[in-house]
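Colleague: I have a model to look through with you. Can we go through it residue by residue?

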Amino acid sequence: MLTIDEAIERFESLSPDTKAKVLAQVSFHFTIAGRDVSTQGDCQPQRDRLVALNEIQHKLAGQVVAILNNSSRYPDKDFFLVLADMSKRAGMLPYLQGTFTKVL
């Protein structure tokens with residue numbers, strides 16, 4: 001499994017078009033993670049998990065749009081560190097790393 005630093009290194013070497021494609025794939029994989037949120041038991045943890053997944057997808061989509069529009073965006077390394085932090089807080093860091101391993 002790629003570390004975040006290894007993923008950053010690979011990602012930084014890509015063309016803008018390929019970067020957008022990679023991030024779109026990561027976003028797609030996070031939609032699948034949302035399906036794994038249990039609907040049993042207390043609803044608050046499920047809501048919290050879904051909100052966290054939605055925020056991660058929002059961040060990914062924003063970066064994709066910025067890349068495609070060639071507009072102001074996070075530097076690659078900073079974006080990955082923000083994404084890693086969000087994923088860690090959501091208990092999804094291993095999922096993020098596994099997804100980057102698949103798509104990079």
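Colleague: What is the relative accessible area of Arg73?

Modeller: This is a predicted model, where local features need pLDDT of at least 70, side-chain atom pairs count only at pLDDT 80 or more, and totals for chains, interfaces and linings use all residues. Residues are numbered from 1 along each chain as its sequence is written, and side-chain values use heavy atoms, without hydrogens and water. Buried means under 20% relative accessible area, exposed over 50%, and partly exposed in between, with a 1.4 Å probe and protein chains only. Arg73 counts as partly exposed because its relative accessible area is 32%.

Colleague: Which residue meets Arg73 in a salt bridge?

Modeller: Side chains of opposite charge can pair when their charged atoms come close. The rule asks for a side-chain nitrogen of Lys or Arg within 4 Å of a carboxyl oxygen of Asp or Glu. At 2.8 Å, N to O, the partner of Arg73 is Asp76.

Colleague: Is Asp76 buried or exposed?

Modeller: Go by the relative accessibility of Asp76, which is 10%. At that value, Asp76 counts as buried.

Colleague: How many residues apart in sequence are Lys19 and Asp76?

Modeller: Lys19 also forms a salt bridge with Asp76, with the closest N and O atoms 2.5 Å apart. Lys19 lies in helix α2 and Asp76 in helix α4, so the pair ties together parts of the chain whose separation in sequence is 57 residues. Helices here are DSSP runs (H or I, at least four residues), numbered from the N terminus. Lys19 and Asp76 are linked in a network of salt bridges with Arg73, and the separation you asked for is 57 residues.

Colleague: Are the planes of Phe11 and Phe80 tilted or stacked?

Modeller: Rings of Phe, Tyr and Trp (its six-membered ring) pair if their centres lie within 6.5 Å; planes under 30 degrees apart are stacked, over 60 edge-to-face, the rest tilted. By this rule there are 5 aromatic pairs. The centres of Phe11 and Phe80 are 4.8 Å apart and the planes sit at 50 degrees, so the pair is tilted.

Colleague: Which helix holds Phe80?

Modeller: Phe11 and Phe80 link distant parts of the chain, 69 residues apart. Phe11 counts as buried at 1% relative accessibility, and Phe80 counts as buried at 1% too. Phe11 is in helix α1, whereas Phe80 is in helix α4.

Colleague: At what angle are the planes of Phe30 and Tyr95?

Modeller: The centres of these two rings, Phe30 and Tyr95, are 5.2 Å apart. Phe30 lies in helix α2 (residues 16-35) and Tyr95 in helix α5 (residues 93-103). Phe30 is buried at 1%, while Tyr95 is partly exposed at 25%. The pair is edge-to-face because the planes are at 80 degrees.

Colleague: What is the phi of Asn70?

Modeller: Most residues other than glycine have a negative phi. Asn70 is found in the loop between α3 (43-68) and α4, and is exposed at 73%. Asn70 is not a glycine, yet its phi is positive, at about 55 degrees.

Technical notes: Helix = DSSP H or I, 4+ residues; strand = E, 2+ residues; numbered from the N terminus.
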